There are 2 protein chains.
Amino acid sequence: MNTSGRHHVVVVGGGFGGLQAVNKLARADVDVTLVDRNNYHLFQPLNYQVATGSLSPGEIAVPLRSIFRGAPRVRVVLGEVTGFNLYDREVAVAPVLPETEAYKLRYDTLLVSGGSSYAYFGHEDWRSTALEVKSLDSALQVRGRILQAFEAAEVETDPAAQERWLTFVVVGAGPTGVEMAGQIAELARDTLPAEFRTSDPRAGKVLLIETADRVLTAFPPSLSARAKTALEKLGVTVMLSHTVVGVQSDCVEVRALDGTTTQIPARTFVWAAGVTASTLARELGEAAGTEVDRSGRVTVEPDLTLPGHPEVVAFGDMVRVRDPKSGEGQVLPGLAPVAMQQGRYAAGLVIDRLASRNTPPFRYLDKGTLATIGRAKAVADIRGLRLSGFVAWLTWLVVHLFYLIGFENRLLVLTQWAFSFFTHGRGARLITEAAQTPTRESVESARE
Amino acid sequence: MNTSGRHHVVVVGGGFGGLQAVNKLARADVDVTLVDRNNYHLFQPLNYQVATGSLSPGEIAVPLRSIFRGAPRVRVVLGEVTGFNLYDREVAVAPVLPETEAYKLRYDTLLVSGGSSYAYFGHEDWRSTALEVKSLDSALQVRGRILQAFEAAEVETDPAAQERWLTFVVVGAGPTGVEMAGQIAELARDTLPAEFRTSDPRAGKVLLIETADRVLTAFPPSLSARAKTALEKLGVTVMLSHTVVGVQSDCVEVRALDGTTTQIPARTFVWAAGVTASTLARELGEAAGTEVDRSGRVTVEPDLTLPGHPEVVAFGDMVRVRDPKSGEGQVLPGLAPVAMQQGRYAAGLVIDRLASRNTPPFRYLDKGTLATIGRAKAVADIRGLRLSGFVAWLTWLVVHLFYLIGFENRLLVLTQWAFSFFTHGRGARLITEAAQTPTRESVESARE
């Protein structure tokens with residue numbers, strides 16, 4: 001109970017799942033506290049467009065507060081959740097703001113949706129060299145590195161060093177990897193050539209490295225083949241059945257199936273391989289005395305509650321859901337629609353309980369999967385209907401615009417896209433400080 | 001001469017002046033190299049809107065390369081100019097990119113327009129506490145600090161500490177200071193109140209501290225008075241005839257004319273007082289054996305050339321122009337129109353010389369001055385025609401949209417403004433990493 005006397009739901013994580021849950025709970029007679037380490041909700045499927053300069057951060061991220069400004073019983077707090085005390089029903093929150101203190105949040109029901117990040121095959125030391133494009137901050141850094149590489153090539157006089165600056169390696173051919181490789185190739189081929197005088201961005205090489213024997217393994221093989229052809233038409237070199245075994249600042253080492261290794265000189269690396277659940281999954285697992293799986297996911301009951309803790313509900317990328325028949329924990333795809341459906345389900349569960357109603361187990365309704373490759377090209381698998389090319393891309397466009405939160409953002413994104421589409425330009429190609437590899441000076445001054 | 005055999009003009013600085021110069025030179029039969037430490041041109045008069053979350057960086061900054069993509073004889077290079085060798089006609093360029101080397105650029109004619117920054121009354125140690133909003137990076141940092149202050153107030157339980165988080169001090173009541181104070185007040189009063197639950201942004205205090213006895217001293221006193229009234233209506237406390245004598249992380253100390261000092265507890269400080277020329281002015285002064293003035297400006301001839309060096313032209317905020325009659329160095333206002341007119345003049349001078357034509361001395365044509373205060377309020381002094389309120393604001397809007405480079409940007413900015421105007425919302429209120437005061441952890445990880 002809160003001081004208001006209402007049931008208090010704490011929601012951890014303002015991603016797709018958390019947002020849907022809060023949205024539904026806002027209309028119920030409960031108090032809600034939403035905790036996130038960022039002050040915004042990120043429309044992550046378009047983050048790769050920030051990383052390649054097509055969209056600005058403000059176009060795909062919305063302040064959480066502004067989403068819930070009309071919901072007086074929803075409170076948003078900025079903080080990093082560091083642990084749970086399931087016995088006392090408390091969440092420990094560490095400050096993300098300077099000069100503020102850690103504190104605890106009491107809950108009646110706890111909803112946790114901490115998401116996932118990329119795993120580096122156990123090589124955490126590769127993380128600073130091969131950046132991922134999961135968070136908005138890392139997307140801005142990737143944007144800076146890509147643009148800086150073209151800038152460095154322009155002032156580099158040694159041909160071998162110049163070639164190295166113009167080689168881009170993307171690791172992992174899932175949707176994000178495919179999108180990134182396609183976008184970098186378009187940047188090099190369409191957007192930049194007219195703007196450089198001594199280097200030729202068209203000479204740029206984009207390599208997409210994938211351990212599996214096809215790209216987009218979540219799609220049917222026929223669509224994987226089409227996506228590969230589309231990527232190659234854009235100039236991307238697709239290296240299948242190759243695993244990255246080493247990452248250095250000026251080269252990447254890959255191993256083929258036969259065990260032979262090759263060094264590829266390059267300067268810019270993007271990581272989009274391997275997924276690991278939020279560390280909050282492990283926290284919950286430990287608190288409940290359950291193991292997490294190899295990818296760090298905690299297994300929850302068919303109604304998404306934590307085993308032995310019906311007052312704790314977890315969902316999204318960080319969980320496996322136990323199948324009521326087999327008893328096994330199933331992994332649903334780490335996609336926005338899964339998290340969104342689970343978030344709405346979790347809110348419904350809370351509401352049903354307060355009304356003493358039963359809730360049937362969660363079931364995922366698969367509406368289809370989409371991935372875009374480049375300008376006006378995509379693949380789509382919608383309940384067995386397989387689309388590719390322009391039609392798939394139009395579908396992708398409509399779906400993404402439809403789900404972009406906020407009318408203003410939709411308008412801005414559409415304006416940017418329309419402009420990019422007709423001119424091959426990119427409106428957000430800025431190298432700002434966030435995007436720069438920090439120099440000794442900036443680090444020193446930051447310490448002051 | 002360049003390898004092409006054409007006259008080579010090196011232009012240092014891609015601000016308003018540099019851009020106009022390059023734009024004009026692009027149509028002449030010369031090679032141009034434009035050097036800037038950033039890869040973009042910043043529309044600085046709207047930077048305060050980035051600092052307060054109304055506009056995104058991509059909306060007021062355009063990549064320099066994209067501006068000159070259609071000009072094959074214009075080359076853009078990213079680099080920090082560190083010095084000049086006027087004897088050998090060389091510019092020393094330090095790399096701003098990681099793992100690239102310093103180099104020298106040979107010129108036939110050199111155009112320098114390095115701009116200015118804020119002076120901290122000799123207290124450089126105040127710079128990291130009281131940020132300025134001159135660069136895009138610092139505007140993003142200011143945005144982060146302002147938004148973080150409201151976030152911190154929301155989780156702060158001690159009333160005195162909460163009040164401190166909700167107190168904002170703006171130093172200097174020139175156009176930027178007035179704009180910042182007005183925008184912060186609007187943010188606290190109109191945009192945020194509905195979004196906070198335990199703190200009240202309306203309780204926020206905005207103080208505007210100015211040494212002079214009126215705001216906007218560049219305008220006639222009657223407009224200063226109207227601007228002050230408009231600010232006070234927005235809830236800004238205007239402290240005239242007060243000088244800042246101390247800045248700490250949790251308070252600012254001001255001194256009145258009678259010598260009494262007062263401590264004002266606050267957490268967020270914005271600096272918009274005192275102007276100092278780019279250090280390039282001093283470099284040029286030393287190279288030419290001339291002194292710089294108290295604000296670091298170098299005095300140039302009536303045709304903007306460096307004394308004794310007709311092949312070096314300097315303009316914009318960093319120069320005084322010698323009056324051909326009195327012989328004295330005159331300071332023109334540090335405004336975009338001055339720099340733009342001088343940039344075009346400098347390019348014309350180069351073109352005239354190559355055609356062996358004489359060029360009359362530079363003359364500034366004052367078209368008027370504008371400053372905005374808040375939503376739909378501004379003051380304008382257009383050749384003696386004094387406007388204030390909505391009409392002045394409409395004038396301001398048209399002038400600023402007209403000068404925003406790039407059709408796409410104009411469209412985006414108009415969309416954002418229209419949206420903000422009708423909803424009192426702000427589309428770009430993100431606290432990204434660039435905006436955060438670095439924590440020990442982030443600094444440590446950045447060092448790795």
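The legends below describe several close-up views of a predicted model.

Local features are reported only at pLDDT of at least 70 and side-chain atom pairs only at pLDDT 80 or more, whereas totals for chains, interfaces and linings use all residues. Residues are numbered from 1 along each chain as its sequence is written, and chains are lettered from A and ligands numbered from 1 in the order in which they are written.

**View 1. B:A314 in the largest nonpolar core.** A nonpolar core is a set of buried Ala, Val, Leu, Ile, Met, Phe, Trp, Tyr and Cys residues joined through C-beta atoms within 7 Å, where buried denotes 20 or more other C-beta atoms within 10 Å of a residue's own, exposed 12 or fewer, and partly exposed the values in between, with C-beta atoms placed from the backbone. The largest such core holds 272 residues, of which A:A314 and B:A314 touch the most other members. Residues up to four places away in sequence being left out, B:A314 touches B:V112, B:L284, B:V298, B:V300, B:L304, B:L306 and B:V319, a contact being a pair of C-beta atoms, placed from the backbone, within 7 Å.

**View 2. Helix α10 of chain B and what covers it.** Helices (H or I, at least four residues) and strands (E, at least two) are DSSP runs numbered from the N terminus. Helix α10(B), residues 336-354, has 19 residues and reaches 27 Å from its first C-alpha to its last, close to the 27 Å expected at 1.5 Å a residue, the expected span being 1.5 Å times one less than the number of residues. Its buried residues include B:V338, B:M340, B:Y345, B:L349 and B:V350, and among the elements that cover the buried residues of α10(B) are β1 (8-12), α1 (16-25), β9 (109-112) and β22 (309-314) of chain B. After the helix comes B:S356, whose phi is positive, near 55 degrees.

**View 3. The crossing of α1 and α10 in chain A.** The axes of α1(A), residues 16-25, and α10(A), residues 336-354, come within 7 Å and cross at roughly 30 degrees; axes are lines fitted to C-alpha atoms, for helices over the stretch in contact, and angles run from 0 to 180 degrees between N-to-C directions. Among the residues that make the contact are A:F16, A:L19 and A:K24 of α1(A) and A:M340, A:R344 and A:V350 of α10(A). By class, the residues of this contact divide into 10 nonpolar, 6 polar and 2 charged, with Ala, Val, Leu, Ile, Met, Phe, Trp, Tyr, Cys and Pro counted as nonpolar, Asp, Glu, Lys and Arg as charged, and the others, Gly among them, as polar.

**View 4. Two loop residues of chain A with positive phi.** Most residues other than glycine have a negative phi. A:R89, in the loop between β6 (80-85) and β7 (90-94) of chain A, has a positive phi near 55 degrees, and A:R89 is partly exposed, with 18 other C-beta atoms within 10 Å. A:S241, in the loop between β14 (236-239) and β15 (242-248) of chain A, likewise is not a glycine and has a positive phi of about 50 degrees; A:S241 counts as partly exposed, with 15 C-beta neighbours inside 10 Å.

**View 5. The surroundings of B:S241.** B:S241 lies in the loop between β14 (236-239) and β15 (242-248) of chain B and is partly exposed, with 15 other C-beta atoms within 10 Å. Its C-alpha atom is separated by 5.1 Å from that of B:A212, 29 residues apart along the chain. Neighbours within four places in sequence aside, B:S241 is in contact with B:D213, B:A256 and B:L257.

Methods:
Two residues are in contact if their C-beta atoms, placed from the backbone, lie within 7 Å.
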